[in-house]
Amino acid sequence: MTSRPNKNDLKEVGLSQDGRSPYTGTKQFVPTTKRIAQFSEGHEPKPNDKIVYVAGAFDLFHVGHLDFLEKASQYGDYLIVGIHSDPVVNRYKGSNYPIMNLHERVLSVLTNKYVSEVIIGAPYTVTMQMINDFKIDAVCHGMTPILPDVDGSDPYEIPKEIGIFHRIDSSNDLTSDMIVQRIIRNKFLFEERNKKKEAKEVYIENMIRKQ
Ligand code: C5P
């Protein structure tokens, strides 16, 4: 039997190389090209495919994102999702966002069947170079606010100028912020539940030790 973890180990969760929570057993996702490839569709766009590009944080990947990606995919044949890096998301969302790190967000998005490809750490502003390099035909954003880039410019200025920008109504108003708010509201219940769970674990462990 493995020894009971030291409570101080909790401080190391998310920081230690092992990254394992002593209580939940949760392990942080360690990205390798093989692992990422396992989750990706792994095919190139066909010559006449219409390519759609969307970008965002995709933090705490949720049903609002699913509805958005499904609608965005209907604008073409091959959907590329640009996922902003942790510092970029933190710049425009503030607080402790993103909750999930870049690798975790990439993996979540890649599991979606409408997604053909992801850009890991996509630039915040959609540039002409990106549009040309990826042969992008349509750029979409949902109904959530479009926050300016560091210099105050609109990140979709170029796609808007060349007439390939579309605003999509996902018909779903769930956001990552709303999920965080729910968690905060339920924090007390959550902590109580965990306290009871932990007490039960200690009790069972003591019983086993006594045997
Ligand atoms: O907020 P986040 O950057 O994760 O959103 C990624 C994309 O999903 C954005 O285009 C946003 O407008 C869209 N979205 C949506 N409906 C939701 C949540 C997000 O259309 N309920």
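The structure is a predicted model. The protein holds eight helices and five strands, and their order along the sequence is α-β-α-β-α-α-β-α-β-α-β-α-α. Of its 211 residues, 34% are buried. Among contacts with a separation of 6 or more, 70% are between residues 24 or more positions apart.

- Strand β2 spans residues 78–83, and six of its six residues are buried.
- Both faces of β2 are covered, with Y78, I80 and G82 buried on one side and L79, V81 and I83 buried on the other.
- Strand β1, residues 51–56, runs parallel to β2 and is joined to β2 by six bridges.
- Strand β3, residues 117–120, also pairs with β2 in the parallel sense, over four bridges.
- G82 of β2 takes part in both pairings: G82 is the bridge partner of A55, and G82 stands opposite I119 in β3.
- Together, β1, α2 and β2 form a right-handed β-α-β unit.

**Helix α7**

- Helix α7 covers residues 176–185, and S176, I179 and V180 are buried there.
- Viewed down the axis of α7, the buried residues fall within an arc of 100°, so they line one face of the helix.

**Residue R105**

- R105 belongs to helix α4, which comprises residues 102–110.
- R105 counts as buried because its relative accessibility is 0%, the cut-off for a buried residue being under 20%.
- Leaving aside residues up to four places away in sequence, R105 touches A57, F58, D59, I83, H84, S85, D86, V89, P98 and M100.

**Backbone features in the loops**

- A cis peptide bond, with omega of about 0°, joins Y97 and P98.
- P98 is located in the loop between α3 and α4, and P98 is one of the residues that R105 touches.
- F58 is not a glycine, yet its phi is positive, at about 50°.
- F58 sits in the loop between β1 and α2 and is buried, with a relative accessible area of 4%.
- S171 likewise is not a glycine and has a positive phi, of about 60°.
- S171 sits in the loop between β5 (165–167) and α7, and S171 is exposed, with a relative accessible area of 58%.

**Surroundings of the ligand**

- The ligand is surrounded by 15 residues, of which the closest are H65, T144, S170, N172 and L174.
- A polar backbone atom of A57 is 2.9 Å from an oxygen atom of the ligand; A57 is also among the residues touched by R105.
- An N or O atom in the side chain of S170 is 2.8 Å from a nitrogen atom of the ligand.
- A polar backbone atom of L174 is 2.7 Å from a nitrogen atom of the ligand.

Notes
Residues are numbered from 1 along each chain as its sequence is written. This is a predicted model: local features need pLDDT of at least 70, side-chain atom pairs count only at pLDDT 80 or more; totals for chains, interfaces and linings use all residues. Side-chain values use heavy atoms; hydrogens and water are left out. Buried means under 20% relative accessible area, exposed over 50%, partly exposed in between (1.4 Å probe, protein chains only). Helices (H or I, at least four residues) and strands (E, at least two) are DSSP runs, numbered from the N terminus. The arc is that of the directions from the helix axis to the C-beta atoms. Contact means heavy atoms within 4.5 Å. Two strands pair if DSSP finds at least two bridges between them. A crossover is right-handed if, with the strands pointing away from the viewer, the path from the first strand over the helix to the second runs clockwise. A residue is near a molecule or strand if one of its heavy atoms lies within 4 Å of it. A polar contact is a pair of N or O atoms within 3.5 Å; within protein, one must be able to donate a hydrogen and the other to accept it, and residues adjacent in sequence count only if both atoms are side-chain atoms.
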